[in-house]
Amino acid sequence: MEKGSKLATTYLDLIFHHISDLIFFIKVVDVHHYEIEAVNEAYLANYGTSKESISGRRIEDFLGVDQGMQAIRRFQEVIIRKETIHFEEGYTFPKQGYRVFEITLVPMIEGSSVSRLIGAARDITEKRINEEHMIHSEKLSVVGQLAAGIAHELRNPLTSLKGFLKLIHVKNTDQDIERYIQVMDSEFHRIEQIIDEFLILAKPQKTNFSSHGIDHILDEVIELLNGQANMKSIVLKKDYPATLPNVYCESNQIKQVFINLIKNAMEAITEDGEITVIAEEVEDMLRIKIKDNGIGIPHEELNKLGSPFYTTKESGTGLGLSICKQIIDRHQGEFCIKSKEGEGTEVTITLPKAV
Ligand SMILES: Nc1ncnc2c1ncn2[C@@H]1O[C@H](COP(=O)(O)OP(=O)(O)OP(=O)(O)O)[C@@H](O)[C@H]1O
Ligand SMILES: [Mg+2]
């Protein structure tokens, strides 16, 4: 009997110290005061601390006041309910940053009250990120199929309209009508461009990669959008050298990225606007930034950016950033958005230099 219980303790000890979940024993001093009594190796590794410096400490000493209170509210829930609870909660650590945990808290009841709590926390941050990626790519593939269908349906009537417009152009002798024809032709061209933009979302794409100077691409985009910027009294500034290295890219797609980003910047500006396009060489990469002093994006909305159909605009489709992300991905580049509400937004793109 004695031998059996010793063995069981050894097994429990092994599990306690070698399991990857964080296990902690909390002593309930009173309903507002909780001390750490013992933790396992995984817990110590997570906090980068030692057994000596942690035991006997109050929970808020190393979780911080706000996060400590967040934990204490959960402890109080167990004490009141006198039963085990399971929940998911996020905590921020100095080294690892924000992590999401699946936590179980078990009460140890002595007499009529809870004297201790046993906790087990499993880090599920990666699992959550992977799930979000899956949802995101699932949405994109649905959008892709939809886009392909719509584009296919629109292409045929458009081709016949363009054909008839050409016939009218050939037969027409009236100057006024000729002007209308030209406007119609350029509008048809725009419709075709929109369809192409939409089709970028549909995989697989026939792409025509070649080496292009990023300075030329940026110059062309800025020239294209300068008129629109002027109309809104927005200054569109260039901050890059006259010549920059080439990138191996599908130039129309890369142009599309900058058009989408500068349009977003213009739409975010209500008055006294300034948009700066910065580009520089950083080792074997090119870093391009589009910076605006517009309304910015609230912190809690930042992780929604790039999800298809996420928009805060009445007439927006919410596809602009999704398209940008997908194009940059296809170019082995990186895409990052920083923003502060009321101050502005900075979108950074890095692309590999052509070799
Ligand atoms: N520079 C920016 N400043 C402030 N908010 C921005 C900026 N860029 C994007 N956003 C926010 O992100 C959302 C999504 O942008 P996205 O370009 O994907 O779609 P959209 O601009 O709403 O529509 P569209 O498909 O016409 O581009 C916007 O609705 C806006 O709320
Ligand atoms: Mg947009």
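Q: Where does ligand 1 sit?
A: Ligand 1 is in the largest pocket. On a 1 Å grid over the protein atoms alone, a pocket is an open set of points with protein on both sides within 12 Å along at least five of seven lines, and sitting there takes more than half of a molecule's atoms within 2 Å of its grid points. The model is predicted, so local features need pLDDT of at least 70 and side-chain atom pairs pLDDT 80 or more, while totals for chains, interfaces and linings use all residues. Residues are numbered from 1 along each chain as written, chains are lettered from A and ligands numbered from 1 in written order, and side-chain values use heavy atoms, without hydrogens and water.

Q: OK, which residues come nearest to ligand 1?
A: Of the 19 around it (a heavy atom within 4 Å), they are Asn 264, Thr 311, Thr 312, Lys 313 and Thr 317.

Q: What does the side chain of Thr 311 do there?
A: One of its N or O atoms is 2.5 Å from an oxygen atom of ligand 1. Asn 264 has a polar side-chain atom 2.8 Å from a ligand 1 oxygen.

Q: And how much of ligand 1 does the protein bury?
A: 88% of the 600 Å² that ligand 1 exposes when taken alone, by the Shrake-Rupley method with a 1.4 Å probe.

Q: Switching topic, how is the protein divided?
A: Into domain 1 (2-123), domain 2 (128-199) and domain 3 (210-352), with bounds from an automatic or database assignment. The C-alpha centres of domain 1 and domain 3 are 46 Å apart.

Methods: A polar contact is a pair of N or O atoms within 3.5 Å; within protein, one must be able to donate a hydrogen and the other to accept it, and residues adjacent in sequence count only if both atoms are side-chain atoms. On a 1 Å grid over the protein atoms alone, a cavity is a set of points where a 1.4 Å probe fits but cannot get out, and a pocket is an open set with protein on both sides within 12 Å along at least five of seven lines; lining residues have an atom within 4 Å of a point.
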